[in-house]
Amino acid sequence: MAVLVEADRLRKSFGPILAVEDISLKVEKGEVLGFLGPNGAGKSTTMKMLTGFLEPDAGRARICGISVADRPKEAKSKLGYLPEGAPAYGDMTARSFLNFIAEIRGFDGANKFAHVDIALARTGLESVATQRIETLSKGYKRRVGLAQAILHNPEVLIMDEPTDGLDPNQKHHVRELITEMAKDKAIIVSTHILEEVEAVCTRAVVIDRGRIVADGTAEALQRRMPYHNAVAIQIAASEADRVAAALAVLTGVATVERVAAANGHIRLRALPKPGASIAADVGALLRDQSIAVEELIVERGKLDDVFREITTSNEDARHA
Amino acid sequence: MRNIWIITKRELGAYFGTPLAYVFAVIFVALTGAFAFFIGNFFERGQADLQPFFNYHPWLYLLLVPAIAMRLWAEERKSGTIELLMTLPISTSEAIIGKFLAAWIFIGIALALTFPMWITVNILGKPDNGVILASYIGSFLMAGAFLAIGSCISALTKNQVIAFIVAATICFLMVMSGLELVLGFFRGWAPSFIVDAVASMSFLNHFELISRGVITLPSLFFYFSIIALFLFANVIVVEQRKAA
């Protein structure tokens, strides 16, 4: 597969603050890369370097194999970029703003209007096309930014927090749009909403303090969690000790935790040994001993937990 | 060239899409007229020329041009649209020249709207219209030089008030550099060629020459090189911000 975005040891500091320490990554055609990290981790700075808005102190960014530093115009023409907060010229109408972008992107005459119409339609902006952008709601403003980024059907799409501040319907719409465009583009989406990564991204990169601390599919990240494939059951409190003892002797089970008790019920969680799948064993055990189970859940390990673990454990390591 | 024109077109649209253009044009025309009639004694002089009208242009520009220029880059930076603009497939100099040209054309339009002055003086007497044309050209060039300075300063800050004050101060010094106020400061210690050099930087001296109808190559060269110099500095400032 063709590598469309390439960051090669990017580094950037602002005065004494080291924003991006060392980031290398490759994004191939068809990939949607989720760029995760706490605020101030260097997500936006990395994106600004990839899009040529900032010059890296060291390292190189390439878009479709074209060096952003050496041939900026060419690289930028292959790129659609939605900056954080979706800035746009507020005194223009959505349509005239997109006309301007289309002209700069090199479209003329009928071709220009066709591209603008398609962009307006894809982002659902037709009804507000003649309104000034500054009078639009946050969601519509975001869509104007999105329309601007996809107008020339770029091979590479870089979006800085595209769903930030949108309502659930709008978020859903933006995610649909991303998924729809994914197959013939390389897309980078920064976010700190983890459900978004699960929803749209084929791959997630977690960065913290200007370094990549994890890189893999959302699934692979989840696997890093101890709770991944853990089985939680809810039973009557009186049975707790017996069941806990029985679970503990199962071959795949590492430990059994008591999670919470309420209304005479208790929740137990059996954590598997690494790589083991214990759901079937637990199920069989419960059947054999004829224990009444209120609820049985196989946990996936929340991405939130992964995120917290990765980014805070590093913090501890640094302070140590 | 195509990109420059697209930027210029958008910027011009932005001027006329907001009250800015109308407020500026009305104030400019009203003030130039008021100065000519009330302070320049347009009627009392009894001469059919526009001297009293053009004499006050440098002082008006001092106030009004930095007001136009301050928003050129400071506003883009403040609103974040600079990130959009600079990630479009255009070069920094195209963006700078495009924005500069739009502002210059806009001031040109405001200047052209003072044509009733020209009609008035032609009704009242027989002025030398060649001199008047030369004065208009001189005034327009001077506005361009002010604007280039203001544009460059505007790129240094995201605060428009700072941009305005700094640009107005620099323009003020450039205007005054032919006068004793500034020259006296240098005369005490600097060799005479430096004093002469400072004096030759004066907007006022060049403008006076032109507005007497003498369009000389050095004066044209002076204004165009000021514009080129500050726009070049402008490119460096914007590029520098990328690396900072």
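Predicted model: local features only at pLDDT ≥ 70, side-chain atom pairs only at ≥ 80, totals over all residues.
**Entry: Q234 of chain A**

I started with Q234(A), which sits in strand β11 (residues 231-236) of chain A. Is Q234(A) buried or exposed, or something in between? I found 17 other C-beta atoms within 10 Å, so Q234(A) is partly exposed. Next I looked up what Q234(A) touches, leaving out residues up to four places away in sequence: H265(A), R267(A), V293(A), E294(A) and E295(A). I also checked Q234(A) against E21(A): they are 213 residues apart in sequence and 46 Å apart in space, C-alpha to C-alpha.

**Entry: chain A as a whole**

Then I stepped back to the whole chain. Chain A has 11 helices and 14 strands, and its C-alpha trace spans about 75 × 45 × 35 Å along the principal axes. It divides into domain 1 (3-223) and domain 2 (231-299). How far apart do the C-alpha centres of the two domains lie? I noted 45 Å for that.

Of the 320 residues in chain A, 42% are buried. I looked at contacts too: among those between residues at least 6 apart in sequence, 69% join residues at least 24 apart.

Strand β1 (residues 3-14) and strand β2 (residues 17-28) of chain A pair in the antiparallel sense, over eight bridges. I picked L10(A) and looked for its bridge partner in β2(A), which turned out to be I23(A). The hairpin has two residues between the strands, and G15(A) there takes a positive phi near 60°.

Most residues other than glycine have a negative phi, so I went looking for exceptions.

- N153(A) has a positive phi of about 50° and is not a glycine. I found it in the loop between α5 (138-150) and β7 (156-160) of chain A. With 14 other C-beta atoms within 10 Å, N153(A) is partly exposed.
- S290(A) has a positive phi of about 40°, and again this is not a glycine. The loop that holds S290(A) runs between α10 (279-288) and β14 (293-298) of chain A.

**Entry: nonpolar cores**

Which members of the largest nonpolar core touch the most other members? The core has 132 residues, and I wrote down F97(A), L98(A), A103(B), A145(B), L147(B) and A148(B). I followed up on F97(A): not counting residues up to four places away in sequence, F97(A) touches A88(A), Y89(A), M92(A), I133(A) and V144(A).

**Entry: where chain B meets chain A**

Last stop, the contact between the chains. I noted 19 residues of chain B in contact with 19 residues of chain A. On the chain B side, the elements giving two or more residues are α1 (2-17), α5 (81-86) and α13 (217-243). Which of them gives the most? I have α1(B) down for that, with five residues. By kind, the residues on this side of chain B divide into eight nonpolar, eight polar and three charged.

Key. Residues numbered from 1 in each chain as written. Chains lettered and ligands numbered in written order. Contact = placed C-beta atoms within 7 Å. Helix = DSSP H or I, 4+ residues; strand = E, 2+ residues; numbered from the N terminus. Nonpolar A, V, L, I, M, F, W, Y, C, P; charged D, E, K, R; others polar. Pairing = 2+ DSSP bridges. Domains from an automatic or database assignment. Buried ≥ 20, exposed ≤ 12 C-beta atoms within 10 Å, placed from the backbone. Core = buried A, V, L, I, M, F, W, Y, C linked by C-beta atoms within 7 Å.
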